[in-house]
Amino acid sequence: MNTASYVGRFAPSPTGPLHAGSLVAALASWLDARAWNAGRGGRWLVRIEDVDTPRCVPGAAERILAQLAACGLLPDAPPLWQSHRGALYQQALDQLVDSNLAYPCACSRKDIEMAHAAAGHAHQRHIERPYPGTCRHGLRGRTARSWRFATTDFMKKQAQTLTHQAQHASFSIAPDGLRWTDRRLGPQQQDVARSVGDFVLLRADGLWAYQLAVVVDDAAQGITHVVRGEDLADNTPRQILLQQALQQPTPRYLHTPLVRGADGEKLSKQHGAAPLMLDNPLQALQTAAQVLGLPALVHPDNTRLGDALSQWVKAWMPLYNRAL
Ligand SMILES: [Zn+2]
């Protein structure tokens with residue numbers, strides 16, 4: 001019926017309840033969906049990203065859904081749970097293996113460190129090193145621990161296929177990296193092969209990697225617009241590469257401002273951010289709206305939740321819909 005459709009999503013990890021920072025991303029993605037097509041609205045979905053099961057907290061997903069409901073942010077379909085979708089992730093990995101775009105890796109973290117040391121790279125603490133490519137051309141009798149995406153080979157191949165790139169307005173792949181345009185941050189660039197290398201798809205502990213699960217689910221749910229926190233912006237190039245490798249469409253991306261604590265650090269569950277209180281959802285939403293640059297409510301004390309959300313839907317369009 002409507003080919004220019006919109007499907008957005010909010011995809012929290014249930015490692016704790018929503019806090020002031022995650023509410024900003026939730027509100028932004030909801031507003032973006034509701035403001036679509038001059039306020040006629042698109043679809044808005046919620047996906048529970050519980051693929052990293054050891055990090056998930058029992059009951060946190062239910063609490064997040066209750067917090068969203070209290071804030072009037074209701075999804076248009078029942079939430080999707082990543083922990084139930086292993087078979088789909090396996091299919092995607094099989095597809096990549098069949099296309100020679102994924103390979104088994106026998107390296108432990110220590111092996112990777114040693115390969116870097118042997119290459120004369122200085123050791124830097126707390127910096128995730130790009131994979132040195134040890135198993136790219138075979139395991140040489142070692143046992144596979146994980147599966148990796150052939151980033152380096154794929155980027156070379158894609159960069160050669162110039163006609164293919166011309167079809168995409170929002171990104172391009174060149175030998176020196178991937179360029180893409182964020183609706184808020186503008187033009188972005190990352191040399192994925194150099195900064196990340198051949199990244200993990202299936203982890204040594206048997207869990208599916210975040211990047212693969214996100215790309216498979218965004219495609220399966222028909223997501224057209226991803227709105228999420230700026231801390232995830234540097235995942236975007238890896239996800240665009242996987243979308244291309246799996247022959248799936250690339251959504252548009254909008255990364256929202258982060259909320260910082262008094263110490264200047266990004267608010268996060270790991271950093272001990274206070275859970276969002278449900279006794280005054282409008283107040284919490286007003287704080288989130290302010291972070292997003294939305295105008296203050298004219299009569300904050302006499303405005304109902306639904307009316308506040310409607311005001312922000314109208315204000316959202318000129319602010320963020322200019323670059324769909
Ligand atoms: Zn390896």
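**Exercise 1. How are helices H1 and H10 oriented relative to each other, roughly parallel or roughly perpendicular?**

*Solution.* Keep in mind throughout that this is a predicted model.

Step 1. Start with the axes: those of H1 and H10 come within 9 Å and cross at roughly 70°.

Step 2. Angles from 65 to 115 degrees count as roughly perpendicular. H1 and H10 are therefore roughly perpendicular to each other.

Step 3. Now look at who meets whom. H1 brings Ala-20, Leu-23, Val-24 and Leu-27, and H10 brings Ala-284, Leu-285, Thr-287, Ala-288, Ala-289 and Val-291.

**Exercise 2. Find the buried residues of H10 and work out how they are arranged around the helix.**

*Solution.* Step 1. Helix H10 covers residues 281-291, and its buried residues are Pro-281, Ala-284, Leu-285, Ala-288 and Ala-289.

Step 1. Look down the helix axis. The buried residues fall within an arc of 140°, so they line one face of H10. As a reminder, an α-helix has 3.6 residues a turn, so residues three or four places apart point the same way.

Step 2. Turn to the face pointing away from the buried side, where you will find the exposed residues Gln-283 and Gln-290.

Step 3. What do the buried residues of H10 pack against? Their partners are helix H1 (20-39), helix H2 (60-70) and helix H11 (305-320).

Step 4. Finally, follow the chain out of the helix: just after H10, Gly-293 has a positive phi of about 80°.

**Exercise 3. Describe the packing of H1 against H11.**

*Solution.* Step 1. The two axes come within 9 Å and cross at roughly 75°. That makes H1 roughly perpendicular to H11.

Step 1. On the H1 side, the contact is made by Leu-31, Asp-32, Arg-34, Ala-35 and Gly-39; on the H11 side, by Trp-312, Val-313, Lys-314, Trp-316, Met-317 and Tyr-320.

Step 2. Classify the residues of this contact: seven are nonpolar, one is polar and three are charged.

**Exercise 4. Work out the strand order of the five-stranded open sheet and identify its edges.**

*Solution.* Step 1. Reading across the sheet, the order is E3-E2-E1-E10-E11, with parallel pairing.

Step 1. Strand E3 (80-81) and strand E11 (252-256) each have a single partner strand, so one side of each is left without a neighbour in the sheet.

Step 2. Zoom in on one pair. Strand E1 (residues 7-10) and strand E10 (residues 225-229) run parallel and are joined by two bridges. Arg-9 has Val-226 of E10 as its bridge partner.

**Exercise 5. Characterise the pair E7 and E8.**

*Solution.* Step 1. Strand E7 (residues 177-182) runs antiparallel to E8, and five bridges join them. Within E8, Gln-189 is the bridge partner of Arg-179.

Step 1. The two strands form a hairpin, with three residues between them.

Step 2. How many of the five residues of E8 (residues 186-190) are buried? The count is zero, and the strand is hardly covered.

**Exercise 6. Is Pro-249 buried or exposed?**

*Solution.* Step 1. Locate Pro-249 in the loop between helix H9 (236-245) and E11.

Step 1. Count neighbours: Pro-249 has 12 C-beta neighbours inside 10 Å, and therefore counts as exposed.

Step 2. Compare sequence with space. Pro-249 and Ala-219 are 30 residues apart in sequence, and their C-alpha atoms are 7.2 Å apart.

Note on methods: Residues are numbered from 1 along each chain as its sequence is written. This is a predicted model: local features need pLDDT of at least 70, side-chain atom pairs count only at pLDDT 80 or more; totals for chains, interfaces and linings use all residues. Two strands pair if DSSP finds at least two bridges between them. Helices (H or I, at least four residues) and strands (E, at least two) are DSSP runs, numbered from the N terminus. A residue is buried if 20 or more other C-beta atoms lie within 10 Å of its own, exposed if 12 or fewer, and partly exposed in between; C-beta atoms are placed from the backbone. The arc is that of the directions from the helix axis to the C-beta atoms. Two residues are in contact if their C-beta atoms, placed from the backbone, lie within 7 Å. Axes are lines fitted to C-alpha atoms, for helices over the stretch in contact, and angles run from 0 to 180 degrees between N-to-C directions. Angles under 35 degrees count as roughly parallel, over 145 as roughly antiparallel, 65 to 115 as roughly perpendicular and the rest as oblique. Ala, Val, Leu, Ile, Met, Phe, Trp, Tyr, Cys and Pro count as nonpolar, Asp, Glu, Lys and Arg as charged, and the others, Gly among them, as polar.
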